[in-house]
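Here are a few exercises to work through with the structure open beside you. Try each task before reading its solution.

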Amino acid sequence: MKQEFLRYIDRGNCLTYTAMIRPIRTARWEMDMYRQRIRENYERLSRSYRRVADFILSNYYEVSFMTAAQLAVVVDVDTTTVVRFSQRIGYNGYPELLADIRSQVRAEIYATYEPATLTPGDPAATFNERIECERENLSQILVQSPPEHIGAIADMLSAANKILLIAEGYADAVAVMVADQLQHRGIRAAAVAQDLVKRAATLIALEPGTVVVGISATAYGDDVARALTFARAQGCRTLGVVGSLASPVNRVSDLVLYAPTDAAGPLPSIVALTAALSALVQVLAADTDAAATEYLQTFENAYQYLVEREDVEPVTD
């Protein structure tokens with residue numbers, strides 16, 4: 001919604017709304033007022049009020065275009081519930097709440113088209129520089145990974161009987177997360193512990209057809225490289241996912257996916273590594289829209305059963 005709205009402004013077709021959002025910039029503390037009020041009151045809200053609150057927090061761009069009646073229809077409550085919700089969190093009525101939400105939208109559009117001038121050493125400047133660095137790291141994944149290369153990696157992983165992930169340092173948390181994601185999509189996968197005793201026990205029990213993925217965020221991935229070398233000697237194929245081309249993992253893997261971990265300061269970033277591996281999970285899951293919808297509904301039913309919703313039956317085959 002946000003991107004579509006910004007493109008609409010780019011085409012110059014949104015004269016009415018841009019006129020509405022042109023007033024003076026809103027201070028940051030004032031811009032967040034509606035969110036702050038919702039958070040302060042959330043635990044004391046009724047179930048219907050929470051439905052309104054949840055939708056506003058998650059879909060404030062859409063809400064900025066809605067009347068109280070339209071919001072009520074979307075959330076499936078009465079219009080009076082929307083009005084009373086606004087009053088419950090401290091506004092005189094829905095128009096005042098809507099004005100705060102529109103202030104949020106206005107400020108974000110200003111930030112997109114007229115970024116604030118920041119001085120070196122300003123915390124916001126440091127934050128922005130890091131985000132821009134991450135943007136460049138992410139773009140380099142695509143530059144370094146032409147379609148045919150991603151196709152070869154996808155073919156290797158799709159043919160695997162099992163995917164084993166081995167990582168070093170900060171990337172270990174990424175390996176655990178990706179192994180969980182693969183398992184949740186019905187793909188056999190596991191993350192290998194950094195403990196060398198457990199790692200050795202895992203490597204000597206490698207199954208035929210296993211693909212071993214070595215994840216290295218830095219140039220210090222020697223232990224991961226040695227694990228991949230051992231796996232190759234056992235007849236397993238290997239994929240290196242590296243944040244630095246100087247990593248020894250880059251030299252011993254059958255295929256390599258480069259996801260830069262460049263960052264200011266002494267610590268590597270794991271953002272690009274996480275994004276690249278999560279993208280591979282999505283490739284392997286090969287979900288259609290219908291399959292994704294079915295999965296989400298099945299998951300929702302299981303979750304609601306676990307939180308003891310009385311009207312939900314346990315999932316059965």
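**Exercise 1. How many aromatic pairs are there, and which class does the pair F299 and Y303 belong to?**

Solution. Start with the rule: rings of Phe, Tyr and Trp (its six-membered ring) pair if their centres lie within 6.5 Å, and planes under 30 degrees apart count as stacked, over 60 as edge-to-face and the rest as tilted. By this rule, you get three aromatic pairs. Now take F299 and Y303: their ring centres are 6.5 Å apart and their planes sit at 15°, so this pair is stacked. Next, find them in the chain: both belong to helix α17 (residues 289-306), four residues apart, about one turn of the helix. Helices here are DSSP runs (H or I, at least four residues), as are strands (E, at least two), numbered from the N terminus.

Before you go on, this is a predicted model: local features need pLDDT of at least 70, side-chain atom pairs count only at pLDDT 80 or more, and totals for chains, interfaces and linings use all residues. Residues are numbered from 1 along each chain as its sequence is written, and side-chain values use heavy atoms, with hydrogens and water left out.

**Exercise 2. Describe how α11 and α16 cross, and which residues meet there.**

Solution. First, the geometry: the axes of α11 (residues 147-158) and α16 (residues 271-285) come within 10 Å and cross at roughly 65°. Axes are lines fitted to C-alpha atoms, for helices over the stretch in contact, and angles run from 0 to 180 degrees between N-to-C directions. Then look at the residues: I153, A154, L157 and S158 of α11 meet L280, V283 and L284 of α16 (contact means heavy atoms within 4.5 Å). Finally, sort them: six are nonpolar, one is polar and none is charged. Ala, Val, Leu, Ile, Met, Phe, Trp, Tyr, Cys and Pro count as nonpolar, Asp, Glu, Lys and Arg as charged, and the others, Gly among them, as polar.

**Exercise 3. What lines the largest cavity, and which element supplies the largest share?**

Solution. A cavity is a set of points on a 1 Å grid over the protein atoms alone where a 1.4 Å probe fits but cannot get out, and lining residues have an atom within 4 Å of a point. The structure holds one cavity of 30 Å³ or more, and the largest cavity has a volume of about 70 Å³. That volume is the space filled by probe spheres set on the points, with grid points joined across faces, edges and corners. Its lining is L157, I163, L165, V178, L182, V213, L239, L277, L280, V281 and L284. By class, that makes 11 nonpolar, no polar and no charged. Now assign them: β1 (162-167), α12 (171-184) and α16 each give at least two lining residues, and α16 has the largest share with four.

**Exercise 4. Where does Y170 lie, and what does Y170 touch?**

Solution. Look between β1 and α12: Y170 is in that loop. Leaving out residues up to four places away in sequence, Y170 touches L267, P268 and I270. Then try S216: Y170 and S216 are 46 residues apart in sequence, and 8.9 Å apart in space, C-alpha to C-alpha.

Definitions and conventions: On a 1 Å grid over the protein atoms alone, a cavity is a set of points where a 1.4 Å probe fits but cannot get out, and a pocket is an open set with protein on both sides within 12 Å along at least five of seven lines; lining residues have an atom within 4 Å of a point.
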